[in-house]
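These are my notebook entries on a single protein chain. I list what I looked up and what I found.

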Amino acid sequence: MSYSRLKSTHTWSRFFKYVEHQRFGVERKHLEYAATFSLAMLVGSLSYFMSLEQPATFAVLLLVPLLFGFTAYSSRESFRRASLLASVSLIFAPLKPGMALVAAVISLGNPLVSLFAGGAKFKDFYGSVTVPMLLVAVVVAGGSFAAFQEKPELAEPLENRTVDIVSNQATAAVQDAGLLEQQSRTIRSVVSQSSSASVAATRRIVLNSTRDDLSRRDRRSVVDAFSRAREEVPDEVSTRAGNLTEQVNLSSRIRSSAERIVRDRPAVLASGVGGLTYALHPLVGLLTALFGSLVRALAPEDY
């Protein structure tokens with residue numbers, strides 16, 4: 001009996017289908033393990049080049065939603081153990097704080113994406129990162145706080161960068177809103193009114209005190225002098241006050257305020273790191289959905 005005839009029988013047909021199914025299952029597992037391992041190692045190693053001084057280097061983080069997208073698609077039916085292999089990136093954690101942060105994100109986030117994944121639609125891929133990103137943000141904030149407490153020098157580069165960003169943005173916002181000019185006009189108006197009131201009060205005191213000591217002519221001279229002072233002094237004083245206000249280094253004052261908030265406050269800095277991590281959830285979710293849809297389009301029909 002030939003192989004083709006043997007396979008055509010009902011019993012052997014079921015047997016061959018079972019063998020093919022098992023073989024496909026093994027190949028699928030191998031593919032998932034290989035892809036997860038490769039992406040985790042790639043993003044873990046490339047994170048070495050990330051620098052706060054060069055924002056373009058953070059483009060390597062695009063590999064994170066790529067890994068999440070692949071995991072979300074492969075886990076559309078059930079949790080995949082291959083997602084746990086992302087923890088291999090932890091071998092890079094001792095090298096740099098940034099690498100440790102990235103390793104923690106994918107080591108924790110990838111299995112959670114596999115756990116919460118379900119369905120093969122765009123919205124399903126997007127929804128698979130919602131809860132994982134929240135849990136990752138909490139863990140990242142807690143880990144950052146512990147690290148900053150243990151080694152305060154780790155927080156210094158992040159503190160400097162945070163102060164720079166906050167001061168620059170705040171200064172630009174104040175200047176665009178014209179608040180400095182408005183403050184200068186307000187100060188000039190207040191100083192002008194105060195000067196006028198001071199000159200008027202001084203004129204009244206002087207004239208009352210010298211009423212019996214001055215001749216009519218001298219008294220007229222004093223009155224004329226105070227009249228000129230009432231016209232000239234408020235303008236001169238308000239101009240000087242306005243110029244002094246404009247000379248104030250607004251950027252330095254804002255920077256000092258930002259430093260007082262951030263410096264030597266690991267809890268504030270760690271909370272900011274955790275908040276920023278979760279604030280990226282919409283972007284990470286969108287990229288995960290895009291990459292998941294791309295994997296779905298490229299995957300074989302029987303995968």
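Where is the place of Leu-84? I found Leu-84 in the loop between α3 (63-74) and α4; helices (H or I, at least four residues) are DSSP runs, numbered from the N terminus.

Entry on the source. I note that this is a predicted model, in which local features need pLDDT of at least 70 and side-chain atom pairs count only at pLDDT 80 or more, while totals for chains, interfaces and linings use all residues. Residues are numbered from 1 along each chain as its sequence is written, and side-chain values use heavy atoms, with hydrogens and water left out.

Leu-84 belongs to a nonpolar surface patch of about 510 Å², together with Phe-79, Leu-115, Phe-116, Val-131 and Leu-135. Two or more residues of this patch come from each of α4 (97-116) and α6 (130-150). Such a patch joins nonpolar side chains (Val, Leu, Ile, Met, Phe, Trp, Tyr) within 5 Å, from residues with over 30% relative accessible area and no salt bridge; the areas come from the Shrake-Rupley method with a 1.4 Å probe.

Side chains of opposite charge can pair when their charged atoms come close.

I recorded Glu-32 with Arg-80, at 3.0 Å from N to O. This pair links distant parts of the chain, 48 residues apart: Glu-32 is in helix α2 (residues 10-46) and Arg-80 is in the loop between α3 and α4. Glu-32 counts as buried because its relative accessibility is 2%; Arg-80, at 17%, counts as buried too.

I also recorded Asp-124 with Lys-123, whose closest N and O atoms are 3.5 Å apart. Is Lys-123 buried or exposed? Lys-123 is exposed, with a relative accessible area of 58%, whereas Asp-124 is buried at 19%.

Entry on the largest pocket. I read a space of about 1,600 Å³ for the largest pocket. Its lining has 48 residues, and the closest to the centre are Met-50, Leu-52, Phe-58, Leu-101 and Val-273. A pocket is an open set of points on a 1 Å grid over the protein atoms alone, where a 1.4 Å probe fits, with protein on both sides within 12 Å along at least five of seven lines; lining residues have an atom within 4 Å of a point.

Key. Patch = residues over 30% accessible without salt bridge, like charges linked within 9 Å, V, L, I, M, F, W, Y side chains within 5 Å. Salt bridge = Lys/Arg side-chain N within 4 Å of Asp/Glu carboxyl O. Points joined across faces, edges and corners; volume = space filled by probe spheres on them. Buried < 20%, exposed > 50% of the residue type's maximum accessible area, 1.4 Å probe, protein only.
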